[in-house]
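Please look over the sequence and the structure shown here, and then read the report below them.

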Amino acid sequence: MKIIVDAMGGDNAPGAIVQGALEANRTHGLEILLVGRTEEILRAVEACGEKTLPAGVEIKGATEVVEIADDPATAFKVKKDSSLTVGLNLLKEGAGDAFVSAGSTGALLSGATLVTKRIRGIRRAAMGPTIPVLGGRAILCDCGANAECTPEYLLQFAYLGSFYAQRVQGVERPRVGLLNIGAEAEKGDDLRHETYPLLQAAAEQGRLNFIGNVEANDVMLGKADVVVTDGFTGNILLKGLEGTAKFLLKELKGVFLSSTRGKLAAGMVKGDLEQMKKLLDPSEVGGTPFLGISKPVIKAHGGSDARAITNAVLRAAEYAQSGFIADIAANIDHMRVQGEM
């Protein structure tokens, strides 16, 4: 596996990006192709205690950087020698098996769509993060790439999430739920009303394990392995979960530190609390895949530290080895809605 890494993308670039990529190389033997300003990357490598590039690590020079202030729809075109644009072109040309970037989400999505291209027949690429739920994790698809959707988009998101859960997360028969304001089939808006029978038909054909509508509280209780929704609603759910997790951790910390008894209790359950914190920490996942793109592209959080980048690189390698993209290409005929073509 050779993973292409945008060394200049993210708030902590290039230091944390390089450190995380080098750790993935050291601990898992992954080949790394760092893309960006060569001198800055070499200084970051030296800061990690390496006098020369480790075996299996290369640098591809790129003089420009896509900034947050740049127009995400055109940045990768305007800055043709940016680390993001050069990295995506390397992926397209087969110089690596996957691409990881902590840079601008919009620019990365636009670039992945127009440079690397979508899988033939996929109408829109979706962001499919894994979120912590009771009993494990679930795929949320979409979480922000497509604010406005059609029923066909949601049908395809269901397939994308289901195949990803099977191939990458090892879920044998993923339960697919349609995010809605009620469990009954008649609940929700026109988009949900029109999507429900499409998912139900796919279930009757044995292609999806559709369990019906799921409410937000059902999501957190682990009722579904794949949660299907439009990007607008999905992003609200995701940000709400992140905020709730931070709130709970701060409140728990306050409870345990408020008294001597609490501090003693904290000492007794310290290991369990660390496990809980780890479950809620997005750095443990590392990155979010752009599902539907013809080659593996992983978006790491803009504020990623070295540990998050290491995990993002590992996720990229798992994704590249999974066979997910081949599954989607082989089943694309079942993911179309004739009236919307």
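## Basis of the model

This is a predicted model, in which local features need pLDDT of at least 70 and side-chain atom pairs count only at pLDDT 80 or more, while totals for chains, interfaces and linings use all residues. Residues are numbered from 1 along each chain as its sequence is written, and side-chain values use heavy atoms, with hydrogens and water left out.

## The sheet of seven strands

An open sheet of mixed pairing is formed by 7 strands in the order β3-β2-β1-β4-β12-β11-β5. At its edges stand β3 (57-61) and β5 (126-127), each with a single partner strand, so one side of each is left without a neighbour in the sheet. Helices (H or I, at least four residues) and strands (E, at least two) are DSSP runs numbered from the N terminus, and two strands pair if DSSP finds at least two bridges between them.

Strands β11 (residues 287-291) and β12 (residues 297-300) run antiparallel and are joined by 3 bridges, with Pro 289 standing opposite Ile 298 in β12. Helix α4 (residues 83-93) packs on this sheet, where it touches β1 (2-6), β2 (31-36), β3, β4 (98-101) and β12, and its direction makes about 165° with that of β4. Contact here means heavy atoms within 4.5 Å; axes are lines fitted to C-alpha atoms, for helices over the stretch in contact, and angles run from 0 to 180 degrees between N-to-C directions.

## The sheet of five strands

A further open sheet, also of mixed pairing, has 5 strands in the order β6-β7-β10-β8-β9. Its edges are β6 (130-133) and β9 (209-214), each with a single partner strand, so one side of each is left without a neighbour in the sheet. Neighbouring strands of this sheet are turned by 30° against each other on average, direction ignored.

Strand β8 (residues 175-179) runs parallel to strand β10 (residues 226-228), and 3 bridges join them; the bridge partner of Val 176 in β10 is Val 226. Helix α6 packs on the sheet, touching β7, β8 and β10, and its direction makes about 165° with that of β10. Helix α7 (residues 190-204) also packs on the sheet, touching β8 and β9, at about 155° to the direction of β9.

## Helices α4 and α5

The axes of α4 and helix α5 (residues 105-116) come within 10 Å and cross at roughly 35°. Among the residues that meet in this contact are Leu 84, Leu 88 and Leu 91 of α4, and Ala 107, Leu 108 and Val 115 of α5. By class, the contact has 7 nonpolar, 3 polar and 1 charged residues, where Ala, Val, Leu, Ile, Met, Phe, Trp, Tyr, Cys and Pro count as nonpolar, Asp, Glu, Lys and Arg as charged, and the others, Gly among them, as polar.

## The cavity

The structure holds 1 cavity of 30 Å³ or more, a cavity being a set of points on a 1 Å grid over the protein atoms alone where a 1.4 Å probe fits but cannot get out. Grid points are joined across faces, edges and corners, and a volume is the space filled by probe spheres set on the points. The largest cavity is lined by Asp 6, Gly 9, Val 66, Ser 83, Leu 84, Gly 103 and Ser 104, lining residues having an atom within 4 Å of a point.

## Backbone features

Most residues other than glycine have a negative phi, and most peptide bonds are trans. A cis peptide bond, with omega about -5°, joins Ala 13 and Pro 14, and Pro 14 is found in the loop between β1 and α1 (15-28). The peptide bond from Cys 141 to Asp 142 is also cis, with omega near 20°, and Asp 142 lies in the loop between β7 (136-141) and α6 (151-167). Lys 117 has a positive phi, near 80°, and its place is in the loop between α5 and β5.

Key. 1 Å grid on protein atoms, 1.4 Å probe; cavity = no way out; pocket = protein on both sides within 12 Å on 5 of 7 lines; lining within 4 Å.
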